[in-house]
Structures are given as C-alpha cells and as structure tokens.
Amino acid sequence: MDRRDEQEFADYFTARQHAVRRTAYLLCGDWHRADDLAQTAFVSLHRHWRKVRDKAALDAYVRRTLVRAVIDESRRPWRRERPVEDTTALPAPTVPDAGERVATKEALLEGLRRVPPRQRAVLVLRFLEGLDVSGVAEALGCSEGTVKSQTARGLDALRAALGDTLDDLRSASW
C-alpha cells in the first residue's frame, strides 16, 4: 500500500474501531474475544484495502467479515467445551428481591449468549445495529427470507433464554 492508502485506512480505523468492537462484543459476549474479532475484521480490510472500490461500503465489508469470524469461531470444537467445577459444593439458589429481578443489560447479554451464533448475528444486526432486512441479508450473504426466519427463530430462542427472568418479573408482587 502506498502512503495515501495507509493514511486512509488509519483514518477509517480510528473513526470506526469502537463501533466495530462494540458490535463484536454484542455478537460474542466477551470483551477479549471482541477485541480479537475486531482485529480480525480490520486485518482483513487492510489486506484488501486496494481492492475496495466503493469506500462508502467499508462498514458493510467490516460488518460482514466480523459476523463471519464470529460464526467460524463458534464452530471450532474448543469453543463448545465448558469447564465445570465441583457442583456438589454449590450453595442452594437464592430468590432475588424485586430490585434484582428487573431485566438488565446483563440479562439480555446472557440471553444472547445462549442463542445460536447465526441467529445471534441476525438479532444484533437487526435490532442493536439498526440494519433493515436487506442490509442484514447483504451483511450475512444470505436471502431476505433467511434473515426473516433466523430473526423469528432467534427471538424465540432469546425468549426461551430469558424465560426465567420474565417469569420472575411476572410473579413478583409489587
């Protein structure tokens, strides 16, 4: 890359690094993995910088690369392994008071972690990044019908993951 291209990339990186990292976090739920995923997306962009003809589409390119990196990483076997501590010494669950039962950002993020990666990507791009159906389809490289079905399935999975929290909220005596 020549000096001008390097400067253009540096300017783009500086302007978008926080937004890309935030999107990566919403997709994976871990700030350390989000840093790695954002770095992967920016390295890919840097590698292909001279080939990018439409500089207005840089956000779409980075978003697509990011989503693919999250999905690819979720397919790796070591991501499915979860360490388990000795469960015999766990204390009995306590019932939180009404103030703790309010749905929080943490509850939403925990629910998103339980949604399958592709469905999570659709939910994050649609509802947290504000893309429309066609924008999500373009970012994921699939049809609009797939986005709609993945959205419906993802919302069902998210509702199921958040079901306990919602049931607690409904049964609270205010």
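Here is a quick briefing on the structure above.

This is a predicted model, so local features need pLDDT of at least 70, side-chain atom pairs count only at pLDDT 80 or more, and totals for chains, interfaces and linings use all residues. Residues are numbered from 1 along each chain as its sequence is written, and side-chain values use heavy atoms, with hydrogens and water left out.

**Overall layout**

- The protein chain has 8 helices and 0 strands; helices (H or I, at least four residues) and strands (E, at least two) are DSSP runs, numbered from the N terminus.
- Reading from the N terminus, the elements go α-α-α-α-α-α-α-α.
- Out of 174 residues in the protein chain, 36% count as buried, where buried means under 20% relative accessible area with a 1.4 Å probe, protein chains only.
- Take the contacts (heavy atoms within 4.5 Å) in the protein chain with a separation of 6 or more: 67% of them are between residues 24 or more positions apart.

**The nonpolar core**

- A nonpolar core is a set of buried Ala, Val, Leu, Ile, Met, Phe, Trp, Tyr and Cys residues joined through side-chain atoms within 4.5 Å.
- The largest one here has 41 residues, and L45 and L140 have the most contacts inside it.
- At least two residues of this core come from each of helix 1 (3-28), helix 2 (31-47), helix 3 (58-74), helix 5 (105-113), helix 6 (117-128), helix 7 (133-140) and helix 8 (144-171).
- Helix 1 gives the largest share of this core, 8 residues.
- Leaving aside residues up to four places away in sequence, L140 touches R64, V67, R118, A121, V122 and L125.

**A look at helix 2**

- Helix 2 has 17 residues and spans 24 Å from its first C-alpha to its last, close to the 24 Å expected at 1.5 Å a residue; that expected span is 1.5 Å times one less than the number of residues.
- Its buried residues are R33, A34, L37, A38, A41, F42, S44 and L45.

**The cavity**

- On a 1 Å grid over the protein atoms alone, a cavity is a set of points where a 1.4 Å probe fits but cannot get out, and lining residues have an atom within 4 Å of a point.
- The structure holds 1 cavity of 30 Å³ or more.
- The largest cavity has about 80 Å³ of space, a volume being the space filled by probe spheres set on the points.
- Residues lining the largest cavity include Y12, R16, D59 and E129.
- Helix 1 supplies the largest share of that lining, 5 residues.

Terms used
Buried means under 20% relative accessible area, exposed over 50%, partly exposed in between (1.4 Å probe, protein chains only). On a 1 Å grid over the protein atoms alone, a cavity is a set of points where a 1.4 Å probe fits but cannot get out, and a pocket is an open set with protein on both sides within 12 Å along at least five of seven lines; lining residues have an atom within 4 Å of a point.
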